[in-house]
Amino acid sequence: MKFIHCGDFHLDTAFSGLSDAKRAAIRQAELRRSFLAVIELAKDVDALLIAGDLFDQDCVEPETIRLLCDGFASLGDTKVLIAAGNHDPLTENSYYNLAAFPQQVHVFGTTVSHVTVADCDVYGISFGKAVCDEPLLEVLPKSGGRPSVMLMHGDLGGHAYNPVKREAIMQSGIDYLALGHVHSFMQETVGKTLCAYPGCPEGRGFDELGPKGVICGEITDGGVNIQFVPICSREYCELSVDVSGLGTHEAMLAAIRACGMDEKNLYKVILTGETELVPDTAVLTEGLSDCFFAKIYDKTVRPLDVDAMMAEQGIRSMLAGKLAPGLSGEEAALHRKALEYGLSALEGRRVKAL
């Protein structure tokens, strides 16, 4: 059986972290296009496996349901197998029950069942509620004579959201455990079972960095082969930029751009190092306005020659002397900030906000 394994689309997610309605709408549209990209890939396989959280139950638009129905209908003979997750549980009011999906779509119920696709047994089970801190299955189905797949949303080796125990996997003999819930590509072999998460097809925040996509795979009597295939429109990226010694915003912008930023992706930029200039993050963000999205975090510090200050006469010396003992203690960072802010205030410089 050739298959596409995907999940965690979270269609119609708000993208509230972008703080801009236009960019959020663009990302929502790109998320829908990523679904269509998966549909195109699925036209050449036997089964499309969707491991939950296809959408968020409370924020589904009519357009999204139409998109899903039309996309599934275009697949011809490809079977669509869905196991609902914690964000789209199979409740009475679930869109899985309300939408008129095409006949080739099979949504697994809240008790385990199976279908046969291309001489492969595909087992599945859905969340029946949003919170499920106990295993949906204490015992996984036993593998029969044919290649076998288990499709579900769950937390491999975890403690919440359908914790999946490795002991249960080893006892089952299932060939491939197709999981959803973790938003990064992961694979692990447990006993004879290959367990995998495709991750989400599009990142939704800076806790979901790097390329995102789906798994293309094939299961035969000889085993399981999978490949991660990136499909995302944009990536969330995190850059740490040392701006030590740079005294102008123009120089800092040049240092940021030298790290390889482009116009397409979304960036979290963390400024580090020692500099006399207190970076104005608003100025720097405006200087990067040609990027789709950039957010600047200032972690820089002011150069402090404590010994030289203590040798002076006056208020600077008194301030340094008062705070110096704490610079080597457990609260060193707090004492350094206090000294930095005090010096900035005494010298009439802008005090960096906490």
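Visitor: Which residues lie nearest the centre of the second largest pocket?
Guide: In this predicted model, the second largest pocket has a volume of about 170 Å³, and 13 residues line it. Strand β17, residues 293-298, supplies the largest share of that lining, with three residues. Those that lie nearest the pocket's centre are G17, L18, R204, G205 and F206.

Visitor: Which element gives the most to the largest nonpolar core?
Guide: The largest nonpolar core has 39 residues, and L48, L54, L68 and F72 are those with the most contacts inside it. At least two residues of this core come from each of β1 (2-6), α1 (21-42), β2 (47-50), α2 (62-73) and β3 (79-82). With six residues, the element that gives the most to this core is α1.

Visitor: Which residues does L68 touch, not counting residues up to four places away in sequence?
Guide: L68 is among the residues with the most contacts inside the largest nonpolar core. In soluble globular proteins, nonpolar side chains tend to be buried together. Once residues up to four places away in sequence are left out, the residues that L68 touches are L11, F35, L54, F55 and F101.

Visitor: How many residues are in the second, separate core?
Guide: Apart from the largest nonpolar core, with its 39 residues, there is a second, separate core that includes M1, A83, C120 and L194. The number of residues in this second core is 21.

Visitor: Which residue of β2 is the bridge partner of H5?
Guide: β1 is joined to β13 by four bridges, with the two strands running antiparallel, and there I4 stands opposite C216. With β2, by contrast, β1 pairs in the parallel sense, again over four bridges. In β2, the bridge partner of H5 is L49.

Visitor: Which residue is the bridge partner of E218 in β14?
Guide: Strand β13 (residues 213-220) and strand β14 (residues 223-230) run antiparallel and are joined by eight bridges. A hairpin through two residues links β13 to β14. Within this pairing, the partner of E218 in β14 is N225.

Visitor: Which residues of β7 point the other way from S148, M150 and M152?
Guide: In a regular strand the side chains alternate between the two faces of the sheet. Strand β7 (residues 148-153) is mostly covered, with six of its six residues buried, and S148, M150 and M152 point one way from the strand. Those that point the other way are V149, L151 and H153.

Visitor: Which residue of β10 is the bridge partner of M152?
Guide: β7 is joined to β6 by four bridges in a parallel arrangement, where G124 stands opposite L151. Five bridges, also in the parallel sense, pair β7 with strand β10, residues 176-180. In β10, the bridge partner of M152 is L179.

Visitor: How much space lies in the largest cavity?
Guide: The structure holds two cavities of 30 Å³ or more. The largest cavity is lined by residues including L137, E138, L140, M152 and N162. The space within the largest cavity is about 40 Å³.

Visitor: What is the phi of D119?
Guide: Most residues other than glycine have a negative phi, and most peptide bonds are trans. D119 is found in the loop between β5 (113-117) and β6 (120-124), and its relative accessible area of 49% makes D119 partly exposed. Its phi is a positive value, near 60 degrees.

Visitor: What is the phi of Y161?
Guide: Y161 lies in the loop between β8 (155-156) and β9 (163-164). With 35% relative accessibility, Y161 counts as partly exposed. The phi of Y161 is positive, near 55 degrees.

Visitor: What separates the C-alpha atoms of G314 and Q227?
Guide: G314 lies in the loop between α7 (306-310) and α8 (315-323), and at 37% relative accessibility G314 is partly exposed. G314 and Q227 are 87 residues apart along the chain, and their C-alpha atoms are separated by 67 Å.

Methods: Residues are numbered from 1 along each chain as its sequence is written. This is a predicted model: local features need pLDDT of at least 70, side-chain atom pairs count only at pLDDT 80 or more; totals for chains, interfaces and linings use all residues. Side-chain values use heavy atoms; hydrogens and water are left out. A nonpolar core is a set of buried Ala, Val, Leu, Ile, Met, Phe, Trp, Tyr and Cys residues joined through side-chain atoms within 4.5 Å. Buried means under 20% relative accessible area, exposed over 50%, partly exposed in between (1.4 Å probe, protein chains only). Contact means heavy atoms within 4.5 Å. Two strands pair if DSSP finds at least two bridges between them. On a 1 Å grid over the protein atoms alone, a cavity is a set of points where a 1.4 Å probe fits but cannot get out, and a pocket is an open set with protein on both sides within 12 Å along at least five of seven lines; lining residues have an atom within 4 Å of a point. Grid points are joined across faces, edges and corners, and a volume is the space filled by probe spheres set on the points.
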